[in-house]
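Subject: Structure handover

Hello,

My notes follow below it.

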Amino acid sequence: VPDSEMSYYCVFFAMGGCNLGSRCGYYHHLPIEEECDMYDMVHDIFGRQRYATHRDDMGGVGCFNTDGKTIFVGDLIFDRTAPDAVEKMERELRRSFGVWGRIEHIRIIPR
């Protein structure tokens, strides 16, 4: 973001839907580790406030006392009746999200 001392990343861009484009006051690229280290511990890379402990309902953006290691991916659309459907989805999730680091566990809850 030109002419700014500090900016955060655009949460709408991260979700694939920022309608402001070049007028947006937030960064529109994936952060690299060095950029993430610039931020204080009480905010995430999107500028949202983090707290000392996790919320009981697991809402919010996590706490600053532990590294966040959980991602929720909802509304997955796939044919659950197909052979090995859940295993195929797990492989796809590992391929897609593994670029950001080692995945320890995936839990798929079919509806």
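First, the exposure terms: buried means under 20% relative accessible area, exposed means over 50%, and partly exposed lies in between (1.4 Å probe, protein chains only). This is a predicted model, in which local features need pLDDT of at least 70, side-chain atom pairs count only at pLDDT 80 or more, and totals for chains, interfaces and linings use all residues. Residues are numbered from 1 along each chain as its sequence is written, and side-chain values use heavy atoms, with hydrogens and water left out.

Salt bridges

The criterion is a side-chain nitrogen of Lys or Arg within 4 Å of a carboxyl oxygen of Asp or Glu. By this rule there are 3 salt bridges.

- E90 and R94 pair through their side chains at 3.2 Å, N to O. They sit 4 residues apart in helix α3, so about one helical turn separates them. E90 is partly exposed, because its relative accessibility is 27%. R94 is also partly exposed, because its relative accessible area is 30%.
- R95 pairs with E92, and their closest N and O atoms are 2.5 Å apart. They lie 3 residues apart in helix α3, so the separation is again about one helical turn. R95 counts as exposed at 55% relative accessibility. E92 counts as partly exposed at 34%.
- E104 pairs with R102, with 3.6 Å between the closest N and O atoms. E104 is exposed, with a relative accessible area of 57%. R102 is exposed too, at 71% relative accessibility.

Helices here are DSSP runs (H or I, at least four residues), numbered from the N terminus, while strands are E runs of at least two.

Nonpolar core

A nonpolar core is a set of buried Ala, Val, Leu, Ile, Met, Phe, Trp, Tyr and Cys residues joined through side-chain atoms within 4.5 Å. The largest one has 6 residues: F78, A85, M89, L93, I106 and I108. What does L93 touch, not counting residues up to four places away in sequence? Its contacts (heavy atoms within 4.5 Å) are L76, G98, I103, I106 and I108.

Surface patch

L30, V99 and W100 make a nonpolar surface patch of about 390 Å². Patch residues have over 30% relative accessible area and no salt bridge; like charges are joined within 9 Å, and nonpolar side chains (Val, Leu, Ile, Met, Phe, Trp, Tyr) within 5 Å. Accessible areas come from the Shrake-Rupley method with a 1.4 Å probe, and for residues only the protein chains shown count as cover. V99 lies in the segment after α3 (85-97). V99 counts as exposed because its relative accessibility is 63%.

Best regards
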